[in-house]
Every structure is written in structure tokens, then in C-alpha cells.
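Hi there,

Here is the structure I promised to pass on. Have a look at it first, and my notes follow below.

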Amino acid sequence: MLRKFVSFILLLCILLSFVIPAYAAPNESIITPNTIVANRRDSTVYINNQRFNFHTFDINGQNHMRIRDLAFMLNRTGVQFGVSWNSERRAIQLTTGTPYTPVGSELRPKSTTGKTGIFSEARVCIDGTISIFNTLSIDGETYFRLRDISTALGFSITWSASDSRIIIDAGSRTVEVSVSTSTGPGAHRRIIDTSRPVIALTFDDGPGLHTTEVLDILSAHGTPATFFVLGRLAERNPATITRMYNFGHEIANHSWSHALLTRENNARITKEIVNTNMVIESITGRAPVLFRAPYGAVNSRVEQVLRDLDFPIINWSLDSRDWENRNANAIYNATMRDVRDRDILLYHDIHITTAHALRRIIPSLIAQGFQLVTVSELMCFSGISLQAGQEYRHGR
């Protein structure tokens, strides 16, 4: 009897050794407590009323999305976030004010079937603050609950069951945008707050006797400007041009001799511009890309030469008339009375009265919330792509 019982137990063990693996095979792996099968869902997401079609992974009605995909969508709405890895803090870093730049192919799922995901945790650094989020890892990608990230960012999120829409209201969150970076001499990085007005100060006809004082004032306030310089004066004052460049000011072309180009032939116009560019490039290593005609005077012939030389024409929307009145109070009043967001302001660094006026103008502009940038930065911030031979007076 005992021998029969032992034989039965052995037979049962053999049978179970075949049954258990066969039961586990459909899922291709034995599901452990921290894994789950998530289903890919093609989702319609509305952010600030803009529509996007993205895939998410659904677990019990909760949508999980890659954080870089959310950043990609937000960038298309004007609410910009950068996603990177912070090795020092060992965290995924989500930063307001840095546009997300896609790297490689985006949103190319390997299959549309259910995937086995592994639950874990991730550290996320949002504007310097570390948070811990539950995550889902699928095919080596990390997915976050969309609700968790939206809550951390202060966004409202709702679900429209009638038409299967995820709706996110990102609001009017203040965003800072980096508009300028460079390396080597003159390296600088400027950040613009999208909630505040932006203007560009420009100076013509130098460098001259009072350019150094103007540079001192700009430097004291950390304020950049665009200098439209004359080639013959740049050649005589390379140290001043170098100082402009090293601070991060923009150096632009204002012709060689301040000739009235509308009265000149094509060869003379070309010579005035090309010679100036050559001198500035020989000093700074970088050739100007902007041009302003003397007196702001252009005609179809000048425009054609500038198209051929690949120069946009930069004029102004606010003339301080410092060249006319030579009065610091009048220059100050003309500026503060009429200045508007995205203006290009005209001054001349060859007049001492302009320097005196700037001592009041710059702190007053800053106090009123204006951000001062170069012309190229203003156009970049405004999303304006400059075209050769075309005239621009502001960034609006």
C-alpha cells in the first residue's frame, strides 16, 4: 500500500512539471508582483485647445505617457519645457524656459499590442525641486502617469468620455526663453521672460569719442545693444570694436563712409558694405549679418544689392532724435513717452548728450519691465525670419 502511494505522488509531480510551464507560456513570462500588462492606446490630447495625437499606455483607465512626449507637445503651445538628465542629482530634469529639442525618432512604438511593463520609481527635478513619481517601464522607455506630471506642473487635466479626449489646460505660465548662446570670445547667454516686453537699443555712426562712455553705462546694467558701425571708424578703433564684441553686443554694418547710398551706383554700394564687413571680421573673427543704411535711406537699387549680399535691412520704430536736439532731457522724454513692446530704438553713440540720457533711460526702462536685447535676439524671440533685401522696423 505504501509503495502504491509513493508511486502516485511521483506521477503527480511529473504531470505538474508539464502543466505549470504550459500555463505560463501565453504571457511569455511569469508575471511578478511589480509587473503588469499595459495596453497601448492612441490618444487625442488637447493642450490649451491645440490638438495632438499621441500614444499612451493604459492601466485601469490611467494613461501613462513619456515625459519627453509631453514636453514636445507643450513646446507646440508656447509653454516650453526642456527635458534632460541631471547626472549630479540622478534625476530626469524638466526645466521651464528651455525649448524641447527632439532627438532621434519620436513616437514609433514597436507594436500596438499589450506590453509587459515594470513598475518602478523615478526622480524628477522640476525647476530645481525633486519629486518622486511612480513609473512604468516598457521596452526600455519610462512612462509617467499623465495626471501626476500635470499636477506637479500646476496644469488642470480632465477626461472627455463622450469623444475620448484628454484635455490639459497649461494656463499662461510664465516662460523664460533662451535666445542667445555662443562660445569663445564674446560668449553670452540671454534669457527672455515671455510675460514682459522686449526692446532693442541700437547705436549708429560710431565708434566715436563717446562710445566708451556708452559702453560703460551698458556694462553697468548688464544691457546688450546693437551697434551699427562705420567701417572707416572701426578700422581706426579696433580696441573699441573688440570690447563691444567681448561683452556680447551685436556689431552690424552701417556702410564705410556714411554715404547716401541712394545716390550711388551698384559698385559703390557694394564696396561700402563689403569693405566694412571685412574690417569688422578681421577684428572680431565674425562678419556682421545686419545692415542699416545711412539716414535709413534705401531704394530699389540698394535693396537689390543687399539681396545679392544677403543682408536684411534694419531700421527703427522709435527715433530718440538725439542727433537733432542734443539735449539729454529731450532724449529721455522722447524715449519714455513713446516706447512700446518689440520696438527698435535709434540712438547715436557719438554724442555726449546721448550718453547722459542713457544714465536715466536704461534704469527707467528696466524699472518698467522692459528687457533689453540685441536686434537679432529680438527677431529670434519674435519668431521673425529675416530675409535679405527686406526692411524691418520692429519685432511685432
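Which residues of the largest nonpolar core touch the most other members? Keeping in mind that this is a predicted model, the answer is L201, F203, L218, F227, V229 and L365, out of 32 residues in that core. Two or more residues each come from β13 (198-206), α4 (211-220), β14 (226-229), α6 (238-247), α7 (266-284), α10 (328-338), β18 (344-348) and α11 (352-367). Of these, α11 is the biggest contributor, giving six residues.

Setting aside neighbours within four places in sequence, L218 is in contact with L201, F203, T223, A225, F227, F247, H249 and I362. There is also a second, separate core, made of 19 residues, and among them are I67, V124, I157 and I166. As background, nonpolar side chains in soluble globular proteins tend to be buried together.

Now for the chain as a whole. There are 12 helices and 20 strands, and 46% of the 396 residues are buried. Among contacts with a separation of 6 or more, 65% link residues 24 or more positions apart. The accessible surface is about 20,000 Å², with 51% of that belonging to carbon and sulfur atoms.

One last stop is helix α3, residues 146-153, where L146, D148, I149, S150 and L153 are buried.

Happy browsing, and best wishes

Methods:
Residues numbered from 1 in each chain as written. Predicted model: local features only at pLDDT ≥ 70, side-chain atom pairs only at ≥ 80, totals over all residues. Heavy atoms only, no water. Core = buried A, V, L, I, M, F, W, Y, C linked by side-chain atoms within 4.5 Å. Buried < 20%, exposed > 50% of the residue type's maximum accessible area, 1.4 Å probe, protein only. Helix = DSSP H or I, 4+ residues; strand = E, 2+ residues; numbered from the N terminus. Contact = heavy atoms within 4.5 Å. Areas by Shrake-Rupley, 256 points an atom, 1.4 Å probe, with all protein chains shown as cover.
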